[in-house]
Amino acid sequence: MHYQLPTTNLKVLQTSAENLKTALSVLHAGGIVAHATETCYGLACDLQNPEAVKRLFAIKKRSPDQPVSALFASVEQAKEYLEWNAIAEELAAAHLPGPLTIILKQKGHPLTLHPTPYPLPSTVGLRVSSYSTAQRLVEHFGSPIATTSANIHGEPNTFSAEDIQTQFTDAEYKPDLLLDDGPLAENDASTVIDVSEGVLHVLRKGNIDL
């Protein structure tokens, strides 16, 4: 079934098995879905659809030279797209699924992490979520999806449907669908670690104690 994307209004649905199917239809149609994660609400789109990525950046008002991260269904799926190493293996075994972003080099299956005409980045921020809604979304989608906080750039992270609706009330561009899981605890953002060169660099400290 082809899903017709809304034009101006943000559609809000309570998270359920049926509404997850609607969210998947939105993603396959090139749309943007807001959903809960273990840190805050996030925005998802198809990373193999350049037009969807372009819309995501317009919605967030994010600078096109700041790539988004990729949400994978599992570490095994991530290994199909990324150049793995021993440090990544150790970190993944200890902390994934969970609020950790591991930066690794891309291989073979280039993902669109920011709008063209910027060149494809050589590295990817890998996420595997421990939150049920995010996990089911990417698992059933079948390939990696974007993951980035569901806020306008420079505004606070969002922890409820109300937070998102407030931020985007007067925005020119809005997500197409919001899956409402209710209010979330106000957690730290994910810890970000770059191991793309085989050496561990902590780029952002979250609530993971390394």
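**View 1. Serine 130 sits in the loop between strand S6 and helix H5 (132-141).** Helices (H or I, at least four residues) and strands (E, at least two) are DSSP runs, numbered from the N terminus. This is a predicted model, in which local features need pLDDT of at least 70 and side-chain atom pairs count only at pLDDT 80 or more, while totals for chains, interfaces and linings use all residues. Residues are numbered from 1 along each chain as its sequence is written, and side-chain values use heavy atoms, with hydrogens and water left out. Serine 130 has 44% relative accessibility, so it counts as partly exposed; here buried means under 20% relative accessible area, exposed over 50%, and partly exposed in between (1.4 Å probe, protein chains only). Setting aside neighbours within four places in sequence, serine 130 is in contact with Glu38, Pro97 and Gly98, where contact means heavy atoms within 4.5 Å. From serine 130 to threonine 158 the C-alpha to C-alpha distance is 18 Å, and the two are 28 residues apart in sequence.

**View 2. Meet proline 97, one of the contacts of serine 130.** Proline 97 belongs to the loop between helix H4 (86-95) and S5. The peptide bond that leads from leucine 96 to proline 97 is cis, with omega near 0°.

**View 3. Lysine 61 is in the loop between helix H2 (50-60) and S4.** Its phi is near 55°, a positive value in a residue other than glycine. Lysine 61 counts as exposed because its relative accessibility is 56%.

**View 4. Strand S7 is largely enclosed by the rest of the structure, because five of its five residues are buried.** Ile145, Thr147 and Ser149 point one way from S7, Ala146 and Thr148 point the other way, and all are buried. Now look at the strands that pair with S7; two strands pair if DSSP finds at least two bridges between them. S3 and S7 run antiparallel and are joined by two bridges, with glycine 42 standing opposite serine 149. Strand S4 (residues 69-71) also pairs with S7 in the antiparallel sense, over three bridges, and there alanine 70 has alanine 146 as its bridge partner.

**View 5. The largest pocket holds about 640 Å³ of space.** On a 1 Å grid over the protein atoms alone, a pocket is an open set of points where a 1.4 Å probe fits, with protein on both sides within 12 Å along at least five of seven lines; lining residues have an atom within 4 Å of a point. Grid points are joined across faces, edges and corners, and the volume is the space filled by probe spheres set on the points. Of the 29 lining residues, Arg62, Ser69, Thr147, Thr148 and Arg204 lie nearest the centre. Strands that each supply at least two residues of the lining include S3 (41-44), S5 (98-105) and S10 (201-204). S6 gives the largest share, four residues.

**View 6. Cysteine 40 and cysteine 45 are too far apart for a bond, because their sulfurs are 16 Å from each other.** A disulfide is a covalent bond between the sulfur atoms of two cysteines. Zero disulfides turn up in a search of the whole structure, taking a disulfide as a pair of cysteine sulfur atoms within 2.5 Å. Cysteine 40 counts as buried at 7% relative accessibility, and cysteine 45 counts as buried at 0%.
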